[in-house]
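Subject: Structure handover

Hello,

Here is the structure you asked for, with notes on what turned up in it. Please read the notes alongside the coordinates.

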Amino acid sequence: MTVPSTDAVVVLDRLESASSAADATASLQSILKGLQADWDPTWLWHHEDIPDHLVHILQHAQLKTTQTPVDDECVALVLQIYQHLGTDRKSLMLPAPARYLEALLDVMDRASASTYTRVLALQRLEQVSKFSEAQDQWLQAPNGVHRLADALTQALDNPLEEPVRTQALQVAQILAQQSSPIAKVFVFAEVETKLLDATWHVYG
């Protein structure tokens, strides 16, 4: 892990001290630009509070320090930042084990979030579910697997939900292939039957 550049430290400090949604959005945009350029993604772990701030935005759609609500763009920026941390298993462990995974499920379930943002959350779930640590966290997360199973068949009459269901299915397939305990949960939840019923409902 390399030491963050001075510019990176300044930007990360700005995120921690952001008092408005606009300040947070500007800081997140700068972080994303840095990661798209030449930042080392592990620099985010040098600031021990940064993971907590990022996950809090995902989980509650608000800033941690001021409880100020943030908009969908801000949540989507956090998800895009985590895309650059996809090969770093620390994302699953910070600020605490399973917090990030549960936060992604919260975004997936958030009715006020856009389809784009909810699909981004599911893409991040697909990304981290390939790690062995994630399989245990899925089973520990409150109703985590069942929440995913519900996403496969919700709002069948709403065409805007189809991208969410499709991406949820991608995540479910990975989990079922890699974890026998999770596959058994899907069996008990009658996921296969629900998918067949959903297909019949949508396509006749």
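This is a predicted model: local features need pLDDT of at least 70, side-chain atom pairs count only at pLDDT 80 or more; totals for chains, interfaces and linings use all residues.

At 18% relative accessibility, Ala61 counts as buried, because the limit for that class is under 20%. Phi of Ala61 is near 55 degrees, which is a positive value in a residue other than glycine. Ala61 sits in the loop between helix 3 (50-60) and helix 4.

Ala98 also has a positive phi without being a glycine, with a value near 80 degrees. Its relative accessible area is 4%, so Ala98 is buried. Ala98 belongs to the loop between helix 4 and helix 5.

The loop between helix 4 and helix 5 (99-109) also holds Pro95. The peptide bond leading from Leu94 into Pro95 is cis, and its omega is near 5 degrees.

Next, the aromatic side chains. How many aromatic pairs does a search of the whole structure find? There are two. In one of them, the ring centres of Trp39 and Trp43 are 5.9 Å apart and the planes stand at 45 degrees, so this pair is tilted. Trp39 and Trp43 are both buried.

The other pair, Tyr82 with Tyr100, is stacked, at 4.1 Å centre to centre and with 20 degrees between the planes. Tyr82 is in helix 4 and Tyr100 is in helix 5, so the pair ties together parts that are 18 residues apart in sequence. With a relative accessibility of 1%, Tyr82 counts as buried. Tyr100 is buried as well, at a relative accessible area of 0%.

Tyr82 comes up again in the nonpolar core. In soluble globular proteins, nonpolar side chains tend to be buried together. The largest nonpolar core here has 62 residues, and Tyr82 is one of those with the most contacts inside it, a group that also includes Leu28, Ile31, Leu44, Leu58, Trp138 and Leu148. Helix 4 (residues 72-83) gives the most to this core, contributing eight residues.

For Leu148 there is a list of contacts, leaving aside residues up to four places away in sequence. Leu148 touches Met108, Leu122, Trp138, Ala168, Val171, Ala172, Leu175 and Phe186. Trp138, one of these partners, is likewise among the residues with the most contacts inside the core.

Regards

Key
Residues are numbered from 1 along each chain as its sequence is written. Side-chain values use heavy atoms; hydrogens and water are left out. A nonpolar core is a set of buried Ala, Val, Leu, Ile, Met, Phe, Trp, Tyr and Cys residues joined through side-chain atoms within 4.5 Å. Buried means under 20% relative accessible area, exposed over 50%, partly exposed in between (1.4 Å probe, protein chains only). Helices (H or I, at least four residues) and strands (E, at least two) are DSSP runs, numbered from the N terminus. Contact means heavy atoms within 4.5 Å. Rings of Phe, Tyr and Trp (its six-membered ring) pair if their centres lie within 6.5 Å; planes under 30 degrees apart count as stacked, over 60 as edge-to-face and the rest as tilted.
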